[in-house]
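Please examine the sequence and the structure shown below.

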Amino acid sequence: MAWLIPVCKASAIAFLSALLIHCSNANGQDSVRETVNYPPLWDNVPDSLDSFVTIHNKTLINPWNYQERMGMYKILLNVTAKYMESFGPRNTGNVLWGLPLQHGWQFNTGRLADPSNGTSCGQKTVDPMCISPTSWWSCMNYYLATIPFLGAVEAGFFDEWPFEIEILPPEEHMDDFCYNAKDCHTLIPETMAKWTNFFQLLKKTENISQSKLLPSISPEEDTVWHHIWIAHVSSIEAALPKFSERLTYISAPEAQFGVSWGSAVEFIAAAHFPTNFNQTNVFQVYLPQRMLLAHDKAPFIPDLSKEENWVLVALNILYEGNKMTDGWLLKFWKRAMCSERGREEGRNLLENIISNPDLILPGICKLLLEFIKNHNCSITDA
(Lines give C-alpha, C1' and ligand atoms only; values in the text may rest on other atoms or scores of the structure.)
Protein backbone atom coordinates (compact mmCIF):
# COMPACT_ATOMS: atom_id res chain seq x y z
CA MET A 1 0.00 0.00 0.00
CA ALA A 2 3.03 2.28 0.01
CA TRP A 3 2.13 3.39 -3.49
CA LEU A 4 -0.91 5.23 -2.07
CA ILE A 5 1.28 7.89 -0.45
CA PRO A 6 2.79 9.33 -3.65
CA VAL A 7 -0.52 8.89 -5.44
CA CYS A 8 -2.29 10.93 -2.78
CA LYS A 9 0.39 13.58 -2.98
CA ALA A 10 0.06 13.73 -6.73
CA SER A 11 -3.72 13.90 -6.54
CA ALA A 12 -3.54 16.70 -3.99
CA ILE A 13 -1.25 18.75 -6.21
CA ALA A 14 -3.44 18.14 -9.26
CA PHE A 15 -6.46 19.17 -7.21
CA LEU A 16 -4.75 22.34 -6.02
CA SER A 17 -3.67 23.27 -9.55
CA ALA A 18 -7.21 22.90 -10.81
CA LEU A 19 -8.62 24.74 -7.81
CA LEU A 20 -6.40 27.77 -8.42
CA ILE A 21 -7.58 28.07 -11.99
CA HIS A 22 -11.14 27.42 -10.91
CA CYS A 23 -10.88 30.26 -8.36
CA SER A 24 -9.46 32.58 -10.99
CA ASN A 25 -12.58 31.99 -13.08
CA ALA A 26 -14.87 32.36 -10.09
CA ASN A 27 -13.33 35.71 -9.19
CA GLY A 28 -14.19 37.44 -12.44
CA GLN A 29 -11.62 36.91 -15.16
CA ASP A 30 -11.14 39.27 -18.00
CA SER A 31 -13.21 38.43 -21.05
CA VAL A 32 -11.75 35.48 -22.96
CA ARG A 33 -9.73 36.56 -25.96
CA GLU A 34 -10.62 34.39 -28.92
CA THR A 35 -8.71 36.21 -31.63
CA VAL A 36 -7.29 33.74 -34.13
CA ASN A 37 -4.06 34.93 -35.68
CA TYR A 38 -1.31 33.71 -37.93
CA PRO A 39 2.26 34.24 -36.69
CA PRO A 40 3.71 37.75 -37.15
CA LEU A 41 4.74 38.65 -40.71
CA TRP A 42 3.28 35.37 -41.98
CA ASP A 43 2.63 36.75 -45.47
CA ASN A 44 6.28 37.80 -45.76
CA VAL A 45 7.72 34.47 -44.65
CA PRO A 46 9.31 32.17 -47.28
CA ASP A 47 6.89 29.44 -48.32
CA SER A 48 9.22 27.32 -50.47
CA LEU A 49 12.90 26.59 -50.84
CA ASP A 50 12.87 28.82 -53.95
CA SER A 51 12.49 31.78 -51.60
CA PHE A 52 15.93 31.25 -50.06
CA VAL A 53 19.28 32.25 -51.56
CA THR A 54 21.10 29.51 -53.47
CA ILE A 55 24.84 29.96 -54.03
CA HIS A 56 27.26 27.40 -55.49
CA ASN A 57 24.54 24.74 -55.56
CA LYS A 58 23.74 25.28 -51.86
CA THR A 59 20.45 26.67 -50.60
CA LEU A 60 21.24 28.76 -47.53
CA ILE A 61 18.84 29.06 -44.60
CA ASN A 62 19.65 31.40 -41.72
CA PRO A 63 17.71 30.21 -38.63
CA TRP A 64 19.00 33.26 -36.73
CA ASN A 65 16.66 35.45 -38.75
CA TYR A 66 13.04 35.34 -37.62
CA GLN A 67 11.53 35.23 -41.10
CA GLU A 68 13.87 32.50 -42.31
CA ARG A 69 13.36 30.31 -39.24
CA MET A 70 9.62 30.83 -39.55
CA GLY A 71 10.02 30.00 -43.23
CA MET A 72 11.17 26.49 -42.32
CA TYR A 73 7.91 26.02 -40.42
CA LYS A 74 5.81 27.38 -43.30
CA ILE A 75 7.52 25.05 -45.75
CA LEU A 76 6.94 22.07 -43.46
CA LEU A 77 3.25 22.98 -43.23
CA ASN A 78 3.06 23.15 -47.02
CA VAL A 79 4.83 19.89 -47.80
CA THR A 80 2.88 17.93 -45.17
CA ALA A 81 -0.54 19.41 -46.00
CA LYS A 82 -1.59 16.60 -48.34
CA TYR A 83 -1.14 14.02 -45.59
CA MET A 84 -3.52 15.86 -43.27
CA GLU A 85 -6.32 17.05 -45.53
CA SER A 86 -8.93 15.41 -43.31
CA PHE A 87 -7.57 17.05 -40.14
CA GLY A 88 -9.18 20.40 -40.90
CA PRO A 89 -10.02 22.84 -43.72
CA ARG A 90 -7.23 24.81 -45.41
CA ASN A 91 -4.54 22.90 -43.49
CA THR A 92 -5.70 24.31 -40.13
CA GLY A 93 -5.66 20.81 -38.64
CA ASN A 94 -1.99 20.24 -39.44
CA VAL A 95 -0.24 18.75 -36.40
CA LEU A 96 2.75 21.09 -36.86
CA TRP A 97 0.87 24.36 -36.27
CA GLY A 98 1.77 24.55 -32.59
CA LEU A 99 5.45 25.07 -33.44
CA PRO A 100 5.24 28.21 -35.65
CA LEU A 101 2.52 29.73 -33.47
CA GLN A 102 4.73 29.33 -30.40
CA HIS A 103 7.64 30.84 -32.32
CA GLY A 104 5.47 33.79 -33.31
CA TRP A 105 4.46 34.31 -29.66
CA GLN A 106 8.15 34.31 -28.70
CA PHE A 107 8.87 36.92 -31.35
CA ASN A 108 5.91 39.12 -30.41
CA THR A 109 6.80 39.10 -26.73
CA GLY A 110 10.52 39.90 -27.18
CA ARG A 111 11.75 36.50 -26.06
CA LEU A 112 14.04 35.98 -29.07
CA ALA A 113 16.12 39.13 -28.43
CA ASP A 114 19.50 39.24 -26.70
CA PRO A 115 18.59 39.29 -22.99
CA SER A 116 22.13 40.23 -21.96
CA ASN A 117 21.85 43.57 -23.80
CA GLY A 118 25.33 42.87 -25.14
CA THR A 119 24.09 43.33 -28.71
CA SER A 120 21.15 44.97 -30.49
CA CYS A 121 19.97 41.57 -31.77
CA GLY A 122 16.19 41.39 -31.62
CA GLN A 123 15.64 44.97 -30.51
CA LYS A 124 12.51 46.13 -32.31
CA THR A 125 13.86 49.57 -33.24
CA VAL A 126 17.30 48.37 -34.37
CA ASP A 127 17.45 44.74 -35.53
CA PRO A 128 13.98 43.23 -35.08
CA MET A 129 14.44 40.14 -37.29
CA CYS A 130 17.57 38.99 -35.46
CA ILE A 131 17.31 35.88 -33.25
CA SER A 132 19.92 35.82 -30.52
CA PRO A 133 21.87 32.65 -29.67
CA THR A 134 22.08 34.07 -26.13
CA SER A 135 18.30 33.88 -25.70
CA TRP A 136 17.17 30.80 -23.78
CA TRP A 137 13.88 30.81 -25.68
CA SER A 138 15.52 31.04 -29.10
CA CYS A 139 17.95 28.22 -28.32
CA MET A 140 15.19 25.96 -27.04
CA ASN A 141 13.15 26.80 -30.14
CA TYR A 142 16.07 25.91 -32.44
CA TYR A 143 15.64 22.30 -31.34
CA LEU A 144 11.95 22.57 -32.28
CA ALA A 145 12.54 24.28 -35.63
CA THR A 146 15.77 23.30 -37.33
CA ILE A 147 15.81 19.72 -36.02
CA PRO A 148 12.28 18.94 -37.27
CA PHE A 149 13.16 20.54 -40.60
CA LEU A 150 16.27 18.39 -40.95
CA GLY A 151 14.19 15.37 -39.93
CA ALA A 152 11.88 16.10 -42.86
CA VAL A 153 14.90 16.49 -45.14
CA GLU A 154 16.22 13.10 -44.05
CA ALA A 155 12.76 11.54 -44.43
CA GLY A 156 12.80 12.49 -48.11
CA PHE A 157 10.37 15.41 -48.23
CA PHE A 158 12.82 17.46 -50.32
CA ASP A 159 14.45 14.75 -52.43
CA GLU A 160 13.40 16.52 -55.62
CA TRP A 161 15.16 19.75 -54.62
CA PRO A 162 18.31 19.86 -56.80
CA PHE A 163 20.55 21.70 -54.34
CA GLU A 164 22.11 20.88 -51.00
CA ILE A 165 20.35 22.57 -48.08
CA GLU A 166 22.74 24.33 -45.71
CA ILE A 167 21.75 25.66 -42.28
CA LEU A 168 23.88 28.63 -41.28
CA PRO A 169 25.45 28.80 -37.80
CA PRO A 170 25.20 31.75 -35.40
CA GLU A 171 28.14 34.09 -34.88
CA GLU A 172 28.75 32.61 -31.42
CA HIS A 173 27.98 29.42 -29.49
CA MET A 174 28.28 27.45 -32.73
CA ASP A 175 29.07 24.16 -30.96
CA ASP A 176 25.68 24.16 -29.20
CA PHE A 177 23.86 23.40 -32.44
CA CYS A 178 23.91 21.08 -35.43
CA TYR A 179 23.40 22.09 -39.04
CA ASN A 180 22.76 18.95 -41.07
CA ALA A 181 21.27 15.51 -40.47
CA LYS A 182 24.63 13.81 -40.06
CA ASP A 183 25.86 16.26 -37.42
CA CYS A 184 22.50 16.13 -35.59
CA HIS A 185 22.70 12.34 -35.40
CA THR A 186 26.02 12.88 -33.64
CA LEU A 187 25.00 15.72 -31.32
CA ILE A 188 21.46 14.58 -30.43
CA PRO A 189 21.00 11.11 -31.98
CA GLU A 190 17.77 10.11 -30.20
CA THR A 191 16.03 13.41 -30.90
CA MET A 192 17.06 13.46 -34.56
CA ALA A 193 15.92 9.86 -35.01
CA LYS A 194 12.52 10.62 -33.46
CA TRP A 195 11.86 13.57 -35.75
CA THR A 196 12.94 11.60 -38.81
CA ASN A 197 10.72 8.72 -37.69
CA PHE A 198 7.76 11.08 -37.32
CA PHE A 199 8.10 12.42 -40.85
CA GLN A 200 8.64 8.94 -42.26
CA LEU A 201 5.42 7.85 -40.53
CA LEU A 202 3.61 10.86 -41.95
CA LYS A 203 4.59 9.95 -45.50
CA LYS A 204 2.86 6.60 -45.03
CA THR A 205 -0.27 8.24 -43.67
CA GLU A 206 -3.36 8.47 -45.85
CA ASN A 207 -7.03 9.22 -45.33
CA ILE A 208 -6.91 9.68 -41.59
CA SER A 209 -10.30 10.58 -40.19
CA GLN A 210 -10.63 13.18 -37.47
CA SER A 211 -13.50 13.66 -35.07
CA LYS A 212 -14.91 17.17 -34.96
CA LEU A 213 -14.98 17.01 -31.16
CA LEU A 214 -11.65 17.75 -29.49
CA PRO A 215 -11.69 14.98 -26.86
CA SER A 216 -12.34 12.25 -29.46
CA ILE A 217 -9.49 11.28 -31.77
CA SER A 218 -9.42 8.37 -34.19
CA PRO A 219 -6.81 5.64 -33.48
CA GLU A 220 -4.94 6.55 -36.68
CA GLU A 221 -4.78 10.22 -35.79
CA ASP A 222 -3.81 9.33 -32.23
CA THR A 223 -0.76 7.53 -33.65
CA VAL A 224 0.33 10.68 -35.49
CA TRP A 225 -0.06 12.81 -32.35
CA HIS A 226 1.78 10.16 -30.34
CA HIS A 227 4.85 10.33 -32.58
CA ILE A 228 5.01 14.11 -32.94
CA TRP A 229 4.75 14.52 -29.17
CA ILE A 230 7.50 11.93 -28.64
CA ALA A 231 9.76 14.00 -30.91
CA HIS A 232 8.65 17.30 -29.34
CA VAL A 233 9.38 16.16 -25.78
CA SER A 234 12.72 14.72 -26.91
CA SER A 235 13.74 18.11 -28.32
CA ILE A 236 12.95 19.79 -25.01
CA GLU A 237 14.75 17.12 -22.98
CA ALA A 238 17.85 17.48 -25.17
CA ALA A 239 17.83 21.28 -25.06
CA LEU A 240 17.03 21.94 -21.39
CA PRO A 241 20.39 20.88 -19.89
CA LYS A 242 22.36 22.31 -22.80
CA PHE A 243 20.95 25.81 -22.45
CA SER A 244 20.43 26.04 -18.69
CA GLU A 245 23.18 28.66 -18.38
CA ARG A 246 21.19 30.97 -20.69
CA LEU A 247 18.61 31.28 -17.89
CA THR A 248 21.04 33.50 -15.98
CA TYR A 249 20.48 36.27 -18.53
CA ILE A 250 16.77 36.59 -17.75
CA SER A 251 14.86 37.47 -14.59
CA ALA A 252 14.12 34.79 -11.98
CA PRO A 253 10.34 34.89 -12.68
CA GLU A 254 10.93 34.54 -16.43
CA ALA A 255 13.39 31.69 -15.89
CA GLN A 256 10.91 29.92 -13.61
CA PHE A 257 8.15 30.38 -16.16
CA GLY A 258 10.34 28.97 -18.94
CA VAL A 259 11.34 25.87 -17.00
CA SER A 260 7.77 25.35 -15.73
CA TRP A 261 6.38 25.67 -19.25
CA GLY A 262 8.90 23.13 -20.51
CA SER A 263 7.82 20.75 -17.76
CA ALA A 264 4.12 21.27 -18.49
CA VAL A 265 4.64 20.21 -22.09
CA GLU A 266 5.15 16.63 -20.86
CA PHE A 267 1.66 16.64 -19.38
CA ILE A 268 0.18 18.07 -22.58
CA ALA A 269 2.12 15.54 -24.64
CA ALA A 270 0.92 12.53 -22.66
CA ALA A 271 -2.70 13.47 -23.48
CA HIS A 272 -1.81 13.67 -27.20
CA PHE A 273 -3.33 17.14 -27.16
CA PRO A 274 -3.98 18.42 -30.71
CA THR A 275 -1.95 21.61 -31.12
CA ASN A 276 -3.56 22.47 -34.43
CA PHE A 277 -4.10 26.04 -35.66
CA ASN A 278 -7.35 26.73 -33.83
CA GLN A 279 -6.56 25.02 -30.52
CA THR A 280 -3.11 26.59 -30.24
CA ASN A 281 -4.52 30.05 -30.89
CA VAL A 282 -7.19 29.54 -28.22
CA PHE A 283 -4.80 28.42 -25.52
CA GLN A 284 -1.76 30.54 -26.38
CA VAL A 285 -3.45 33.83 -25.46
CA TYR A 286 -3.18 32.77 -21.82
CA LEU A 287 0.62 32.80 -21.90
CA PRO A 288 2.26 36.06 -20.71
CA GLN A 289 2.37 38.59 -23.51
CA ARG A 290 5.64 40.14 -22.34
CA MET A 291 8.87 39.06 -20.67
CA LEU A 292 8.53 38.76 -16.91
CA LEU A 293 10.54 41.20 -14.79
CA ALA A 294 12.37 40.68 -11.52
CA HIS A 295 9.61 42.27 -9.44
CA ASP A 296 6.76 40.35 -11.09
CA LYS A 297 4.92 38.03 -8.74
CA ALA A 298 1.91 36.14 -10.05
CA PRO A 299 -1.02 36.33 -9.49
CA PHE A 300 -0.44 40.01 -8.73
CA ILE A 301 1.07 41.31 -11.99
CA PRO A 302 -1.15 44.32 -12.79
CA ASP A 303 -0.48 44.65 -16.52
CA LEU A 304 -1.14 40.96 -17.25
CA SER A 305 -4.64 39.59 -17.51
CA LYS A 306 -6.12 37.47 -14.71
CA GLU A 307 -5.84 34.48 -17.01
CA GLU A 308 -2.15 35.07 -17.62
CA ASN A 309 -1.50 35.54 -13.90
CA TRP A 310 -3.27 32.35 -12.92
CA VAL A 311 -1.69 30.30 -15.68
CA LEU A 312 1.71 31.35 -14.29
CA VAL A 313 0.62 30.25 -10.81
CA ALA A 314 -0.75 26.93 -12.07
CA LEU A 315 2.36 26.17 -14.13
CA ASN A 316 4.57 26.85 -11.12
CA ILE A 317 2.47 24.63 -8.86
CA LEU A 318 2.53 21.87 -11.46
CA TYR A 319 6.33 22.10 -11.68
CA GLU A 320 6.93 22.34 -7.94
CA GLY A 321 4.35 19.65 -7.22
CA ASN A 322 6.02 17.25 -9.62
CA LYS A 323 9.39 18.00 -8.07
CA MET A 324 8.05 17.64 -4.53
CA THR A 325 6.63 14.21 -5.32
CA ASP A 326 9.84 13.09 -7.07
CA GLY A 327 8.10 12.99 -10.42
CA TRP A 328 5.04 11.11 -9.20
CA LEU A 329 2.63 13.76 -10.44
CA LEU A 330 3.80 13.22 -14.01
CA LYS A 331 3.82 9.44 -13.53
CA PHE A 332 0.28 9.60 -12.20
CA TRP A 333 -0.81 11.63 -15.22
CA LYS A 334 1.00 9.39 -17.71
CA ARG A 335 -0.52 6.25 -16.25
CA ALA A 336 -3.97 7.79 -16.44
CA MET A 337 -3.18 8.62 -20.09
CA CYS A 338 -2.22 5.03 -20.90
CA SER A 339 -5.65 4.24 -22.34
CA GLU A 340 -7.54 5.95 -25.15
CA ARG A 341 -10.27 6.75 -22.64
CA GLY A 342 -7.72 8.27 -20.25
CA ARG A 343 -6.25 10.48 -22.95
CA GLU A 344 -9.76 11.57 -23.93
CA GLU A 345 -10.47 12.54 -20.33
CA GLY A 346 -7.08 14.29 -20.13
CA ARG A 347 -7.78 16.39 -23.21
CA ASN A 348 -11.24 17.12 -21.90
CA LEU A 349 -9.77 18.33 -18.61
CA LEU A 350 -7.18 20.53 -20.34
CA GLU A 351 -9.90 22.20 -22.38
CA ASN A 352 -12.27 22.60 -19.43
CA ILE A 353 -9.61 24.40 -17.40
CA ILE A 354 -10.52 27.44 -19.48
CA SER A 355 -13.95 26.85 -20.98
CA ASN A 356 -15.82 24.89 -18.27
CA PRO A 357 -14.10 25.25 -14.88
CA ASP A 358 -17.02 23.60 -13.08
CA LEU A 359 -16.03 20.34 -14.80
CA ILE A 360 -12.40 20.38 -13.58
CA LEU A 361 -12.87 18.50 -10.32
CA PRO A 362 -15.13 15.83 -11.85
CA GLY A 363 -12.50 15.48 -14.56
CA ILE A 364 -9.79 14.80 -11.99
CA CYS A 365 -11.99 12.13 -10.41
CA LYS A 366 -12.31 10.46 -13.81
CA LEU A 367 -8.54 10.53 -14.18
CA LEU A 368 -8.17 8.84 -10.80
CA LEU A 369 -10.38 6.04 -12.06
CA GLU A 370 -8.30 5.73 -15.22
CA PHE A 371 -5.15 5.63 -13.11
CA ILE A 372 -6.54 2.72 -11.10
CA LYS A 373 -7.73 0.87 -14.20
CA ASN A 374 -4.34 1.34 -15.88
CA HIS A 375 -2.32 -0.04 -12.94
CA ASN A 376 -0.59 -2.60 -15.20
CA CYS A 377 0.37 0.00 -17.78
CA SER A 378 4.05 0.39 -18.63
CA ILE A 379 4.71 4.13 -18.83
CA THR A 380 6.59 5.18 -21.97
CA ASP A 381 7.33 8.40 -23.84
CA ALA A 382 4.27 10.56 -24.58
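Helix 8 (residues 219-242) packs with helix 9 (residues 252-270) at an angle of about 165°, the axes being 10 Å apart. Axes here are lines fitted to C-alpha atoms, for helices over the stretch in contact, and angles run from 0 to 180 degrees between N-to-C directions. Helices (H or I, at least four residues) and strands (E, at least two) are DSSP runs numbered from the N terminus. Helix 8 and helix 9 are therefore roughly antiparallel to each other, a term that applies to angles over 145 degrees. On the helix 8 side, Trp 229, His 232, Val 233, Ile 236 and Glu 237 meet Gly 262, Val 265, Glu 266, Ile 268 and Ala 269 of helix 9, contact meaning heavy atoms within 4.5 Å. By class, six nonpolar, two polar and two charged residues make up the contact of helix 8 with helix 9.

The model is predicted: local features need pLDDT of at least 70, side-chain atom pairs count only at pLDDT 80 or more, and totals for chains, interfaces and linings use all residues. Residues are numbered from 1 along each chain as its sequence is written, and side-chain values use heavy atoms, with hydrogens and water left out.

**Salt bridges**

Side chains of opposite charge can pair when their charged atoms come close. With a salt bridge defined as a side-chain nitrogen of Lys or Arg within 4 Å of a carboxyl oxygen of Asp or Glu, the count comes to 11 salt bridges.

| Pair | N to O distance |
|---|---|
| Arg 343 and Asp 222 | 2.9 Å |
| Asp 303 and Arg 290 | 2.7 Å |
| Lys 323 and Glu 320 | 3.7 Å |

Lys 323 is partly exposed at 48% relative accessibility, and Glu 320 is partly exposed at 31%. Asp 303, by contrast, counts as exposed, at 51%.

**Helix 5**

How many of the nine residues of helix 5 are buried? Seven of them are, so that helix 5 (residues 146-154) is mostly covered. The buried residues are Thr 146, Ile 147, Pro 148, Phe 149, Leu 150, Gly 151 and Ala 152. Their packing partners include strand 2 (58-61), helix 2 (66-80) and helix 7 (189-203). Gly 156, whose phi is positive, near 95°, follows helix 5.

**Backbone geometry in the loops**

The peptide bond from Ala 298 to Pro 299 is cis, with omega near 10°. Pro 299 belongs to the loop between helix 10 and helix 11.

Asn 117 is a residue other than glycine with a positive phi, near 60°. Asn 117 is located in the loop between helix 3 (98-108) and helix 4, and is exposed, with a relative accessible area of 61%. Asp 326, likewise not a glycine, has a positive phi of about 55°. Asp 326 sits in the loop between helix 11 and helix 12 (328-336), and counts as exposed at 65% relative accessibility.

Note on methods:
Parallel < 35°, antiparallel > 145°, perpendicular 65-115°, else oblique. Nonpolar A, V, L, I, M, F, W, Y, C, P; charged D, E, K, R; others polar. Buried < 20%, exposed > 50% of the residue type's maximum accessible area, 1.4 Å probe, protein only.
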